[in-house]
Amino acid sequence: MPTDAESFVVPVKSGDVVVLGTDGLFDNVFDRDLVDVTRNALSKPAEEKTGSPKENAAFAAKRIAEELAELAHTYSSDPWRPSPFSKAAAEAGYVYRGGKADDITVLVSVIH
């Protein structure tokens, strides 16, 4: 229920990247991989950059979201790859191996 939702206030500054996603992302991709994909996407040459800082930030956010969603999808179908979900299952006393098939939604904002 919406009344069960938690609300957070997080201070941000220009250049920060905010990644939101469903469990299909966070059950399959470790935080270190999220950071690596984000850094790599930001460092790639952007042929589509327009020169406008606002549009460049939007392009970077789109690129990061697409790459994270693709990575989560790939990892979700790998029955042998360790995942955040399999790690949490093991810590709770369950045996679960590999990725976890689930819906994958990724929303990225680059703060301008």
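Modeller: We begin with burial: a residue is buried under 20% relative accessible area, exposed over 50%, and partly exposed in between (1.4 Å probe, protein chains only). This is a predicted model: local features need pLDDT of at least 70, side-chain atom pairs count only at pLDDT 80 or more, and totals for chains, interfaces and linings use all residues. Residues are numbered from 1 along each chain as its sequence is written, and side-chain values use heavy atoms, with hydrogens and water left out.

Colleague: Why is lysine 44 called partly exposed?

Modeller: Its relative accessible area is 37%. That value lies between the limits of 20% and 50%, so lysine 44 is partly exposed. Its place is the loop between α2 and α3. Leaving aside neighbours within four places in sequence, lysine 44 is in contact (heavy atoms within 4.5 Å) with Arg63 and Glu67. From lysine 44 to glutamate 55 the count is 11 residues in sequence and 16 Å in space, C-alpha to C-alpha.

Colleague: Why does serine 83 count as buried?

Modeller: Serine 83 has 1% relative accessibility. The limit is 20%, so serine 83 is buried. It sits in the loop between α3 and α4. Not counting residues up to four places away in sequence, serine 83 touches Asp27, Asn28, Phe30, Gly98 and Gly99.

Colleague: How much of the chain counts as buried?

Modeller: Of its 112 residues, 32%.

Colleague: What elements does the chain have?

Modeller: It has 4 helices and 2 strands. These are DSSP runs numbered from the N terminus: helices are H or I with at least four residues, strands are E with at least two. Read from the N terminus, the order is β-α-α-α-α-β.

Colleague: What makes a group of residues a nonpolar core?

Modeller: It is a set of buried Ala, Val, Leu, Ile, Met, Phe, Trp, Tyr and Cys residues joined through side-chain atoms within 4.5 Å. The largest one here has 17 residues, and Leu25, Val29, Leu68, Val106 and Val108 touch the most other members. At least two residues of this core come from each of α2 (31–43), α3 (53–76) and β2 (106–110). The largest share, 9 residues, is from α3. In soluble globular proteins, nonpolar side chains tend to be buried together.

Colleague: Which residues does leucine 25 touch?

Modeller: Leaving out residues up to four places away in sequence, leucine 25 touches Val19, Leu34, Leu68, Ala72, Ile104 and Val106.

Colleague: What makes α2 oblique to α3?

Modeller: The axes of α2 and α3 come within 9 Å and cross at roughly 140°. Under 35 degrees counts as roughly parallel, over 145 as roughly antiparallel, 65 to 115 as roughly perpendicular, and the rest as oblique. The angle falls in the rest, so α2 is oblique to α3. The contact is made by Asp33, Leu34, Val37, Thr38, Ala41 and Leu42 of α2, and by Ala60, Arg63, Ile64, Glu67, Leu68, Leu71 and Tyr75 of α3.

Colleague: Which residues of helix α4 are buried?

Modeller: In α4 (residues 84–91), they are Pro84, Ser86 and Ala89. These buried residues pack against α1 (23–26). After α4 comes glycine 93, with a positive phi near 90°.

Note on methods
Axes are lines fitted to C-alpha atoms, for helices over the stretch in contact, and angles run from 0 to 180 degrees between N-to-C directions.
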